[in-house]
Amino acid sequence: MADSHLLVIEDEGAIAIDIESALTVAGYTNIALAATEKHALARIEGEAWDAVIADANLNGKGIQHIVEALDRKRIPFVIVTGYERENLPEILRSAPLIAKPFTGPKLLQIISELLMPAHGGDGL
């Protein structure tokens, strides 16, 4: 799993760094960041990703276009949000969620679950 390519889409710098740090400490080495919808879409379309961690709201806007691109490319993702599931746009309600504030172990558990299909279902 350490060689997995992970994209973190988060507009709050401190949270992006916290996520990146937790992933790095866990041994992940291929981590990229995107802070805007435009940058995120360019990275999703232009590169191969094993999983994506995305904030539900970037700079005051929803991430519908990002979710559509992830679904189209069949990239597993998790939504990081401070909102309750029922307060999210319909397109996000069935996605895996990590509630803010979150812990490193919770993040790593969800990432591990997302990566299982990409690694033969064995989680390794």
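**Angles, strands and confidence**

Q: Why are H2 and H3 called roughly parallel to each other?
A: In this predicted model, helix H2 (residues 37-46) and helix H3 (residues 64-73) pack at an angle of about 5 degrees, and their axes lie 10 Å apart. Axes here are lines fitted to C-alpha atoms, for helices over the stretch in contact, and angles run from 0 to 180 degrees between N-to-C directions. Under 35 degrees counts as roughly parallel, over 145 as roughly antiparallel, 65 to 115 as roughly perpendicular and the rest as oblique, so H2 and H3 get the roughly parallel label.

A quick word on the ground rules. Residues are numbered from 1 along each chain as its sequence is written, and side-chain values use heavy atoms, with hydrogens and water left out. As a predicted model, it needs pLDDT of at least 70 for local features and 80 or more for side-chain atom pairs, while totals for chains, interfaces and linings use all residues.

Q: What makes up the contact between H2 and H3?
A: Contact means heavy atoms within 4.5 Å. Glu37, Ala40, Leu41, Ile44 and Glu45 in H2 meet His65, Ile66, Ala69, Leu70, Arg72 and Lys73 in H3. By class, that's six nonpolar, one polar and four charged residues (nonpolar: Ala, Val, Leu, Ile, Met, Phe, Trp, Tyr, Cys and Pro; charged: Asp, Glu, Lys and Arg; polar: the others, Gly among them).

Q: How do you know that E1 and E2 pair?
A: Strands (E, at least two residues) and helices (H or I, at least four) are DSSP runs, numbered from the N terminus. Pairing takes at least two DSSP bridges between two strands, and E1 (residues 5-9) and E2 (residues 30-34) have five, in the parallel sense. One of these links His5 to Asn30 in E2.

Q: What is the handedness of the crossover from E1 to E2?
A: The chain passes from E1 through helix H1 (residues 13-25) to E2, and this β-α-β crossover is right-handed. That means the path from the first strand over the helix to the second runs clockwise with the strands pointing away from the viewer.

Q: Why do E2 and E7 stand at the edges?
A: Five strands form an open sheet with parallel pairing, in the order E2-E1-E3-E6-E7. E2 and strand E7 (97-99) each have a single partner strand, so one side of each is left without a neighbour in the sheet.

Q: Where is the pLDDT below 50?
A: pLDDT is the predictor's confidence in each residue, from 0 to 100. The protein averages 88, and 92% of the residues score at least 70. Over residues 119-124, though, the pLDDT is below 50. Where pLDDT is low, the predicted coordinates should not be read in detail.
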